[in-house]
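Q: I would like a close look at one part of this model, the charged pairs and what surrounds them. Please keep it brisk.

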Amino acid sequence: MKKAALHNLGCKVNAYETEAMTQLLADAGYEIVPFTEKADVYVVNTCSVTNIADRKSRQMLHKAKKMNPAAVVVATGCYAQTATEKAEADEAIDLILGNNKKKEIVSILEDYYQQKAVKTNVIDINHTDEYEELEIATVTEHTRAHLKIQDGCNSFCTYCIIPYARGRIRSRKVSDIIEEVKRLAESGFQEIVLTGINLSCYMDGEKRLIDVIEQVNQVNGIERIRLGSLDPEVITEEFTKRLAKVEKICPHFHLSMQSGCDKTLKAMNRHYTTEEFLEICNRLRKYFKEPALTTDVIVGFPQESEEDYQTTKSFVEKVGFSKLHVFKYSKRDGTVAARMEGQIPETVKAQRSEDLIQLGNYLTEEYWKMKAGKAEEVLFEEKVNLQGNEYFVGHTKDYIKVVVSSSEDLEGKIKTVTLIEPMTNEIMLATL
């Protein structure tokens, strides 16, 4: 029996696809082993969101070849798609699978072993409307399953290579999504996270994202529906009104903001203003009680002045996010922003990043203070050892990580707890 090891780099969509390839290989008779062990096949699902991600992808592929020079090393994912020529010239790589080719991993490996294989299996991703059908029935997490329902992006933000790596918007059929949700429910998963490269743009004929959410809500066994990153434009009055009637929806919304300065948003080719973004946050707060609003912010974008940065900082404070994900702008070859004048020095990026992270920590503390003493439902995932004691860990609907001490086995159960206080800056203590 051949051994296969897989390693994932990058986003939740990549993670889903890695799980799906793991199952395809297991079903074909491969023994799945940890990536650190000697294997006959190493599959690296690469990321290409920044130049650094490209470098990490190459390093992981070379590491695989060093672990077993006789192994078949497979590069798949976004680096394989966008840097095909570099991958072809790399002696550490035996097979290249572009995006939309991952579902064929077993047959491509079979061809390779029969010496029929070509090294490169990459389509022109920008000229396909085919959604790659991958599916999972089990995942490594205990209670939560990420479910990819959409691929591709048409936005062409000036800092982003993803439309070139993933192609145009393509969506999975609603009927296929619901079938997979039912299988996951039967496997014991109670929470579904709907993900995509640009989830907000989901479209199956007349069906939109809200229609998928409403149908998932009807599946027995699923107790929670969580959404991946959303573009502000999708959160219309009608969308929010319908969403508020979905009883299983988690009031945790990750809104893709990127900057709190209109000048910078325009330079990024983002299609909203800060005023419109604030209106969307207020709309969510109108329909949901104390929702967790989280976001991504890029600091040090080309030509971002100190005044621009301070405008972003003030806007972040004004919105009052419950959590911030702060990124220093990182050049990505092949994007408009990489060619822009006025690149910001790394020292300035680092200072702005640290400053905004501190503000984000303060905002999280304020959100937690507001939640302290309140009753919240928690879906418990596993038992952990923390500070010398055993606890059960889980998440509230608004994605606060919670631990409780209990003699009862809480794994896989939903319990109402009372939130007490922060235990660390990542975990809140609660009591049953």
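Is E237 buried, partly exposed or exposed, and what is its relative accessible area?

A: This is a predicted model. E237 is partly exposed, because its relative accessible area is 31%.

Start with its partner. The side chain of E237 meets that of K286 in a salt bridge, 2.9 Å from N to O. This pair links distant parts of the chain. E237 sits in helix α9 (residues 237-243), while K286 sits in helix α11 (residues 274-287). The two are 49 residues apart. K286 counts as exposed, at 56% relative accessibility.

Stay in helix α11 for another pair. R283 forms a salt bridge with E279, and their closest N and O atoms are 3.3 Å apart. Both residues lie in α11, four residues apart, which is about one turn of the helix. R283 is buried, with a relative accessible area of 15%. E279 is partly exposed, at 44%. Elsewhere, salt bridges that share partners join E17, K102, K148, D151, R166 and R170 into one network.

The side chains of E191 and R224 meet in a salt bridge at 3.4 Å, N to O. E191 lies in strand β9 (residues 191-196) and R224 in strand β12 (residues 224-227), so the pair ties together parts that are 33 residues apart in sequence. Both E191 and R224 are buried. Across the whole structure, a search finds 34 salt bridges.

Next, the cysteines. The disulfide count is zero, with a cut-off of 2.5 Å between sulfur atoms. C250 is in no disulfide; its nearest cysteine sulfur belongs to C281, 18 Å away. C250 is buried, with a relative accessible area of 1%. C261 is in no disulfide either; its nearest cysteine sulfur, that of C157, is 16 Å away. C261 is also buried, at 5% relative accessible area.

Helix α2 (residues 51-67) has 17 residues. At 1.5 Å a residue, it should span 24 Å. Its end C-alpha atoms are 25 Å apart, which agrees. The buried residues in α2 are A53, D54, S57, M60, L61, A64 and K65. They cover an arc of only 140° around the axis, so they fall on the same side of α2. What covers these buried residues includes β1 (3-8), β3 (41-46), β4 (72-77) and α3 (78-82).

Key: Residues are numbered from 1 along each chain as its sequence is written. This is a predicted model: local features need pLDDT of at least 70, side-chain atom pairs count only at pLDDT 80 or more; totals for chains, interfaces and linings use all residues. Side-chain values use heavy atoms; hydrogens and water are left out. The expected span of a helix is 1.5 Å times one less than its number of residues. Buried means under 20% relative accessible area, exposed over 50%, partly exposed in between (1.4 Å probe, protein chains only). The arc is that of the directions from the helix axis to the C-beta atoms. Contact means heavy atoms within 4.5 Å. A salt bridge is a side-chain nitrogen of Lys or Arg within 4 Å of a carboxyl oxygen of Asp or Glu.
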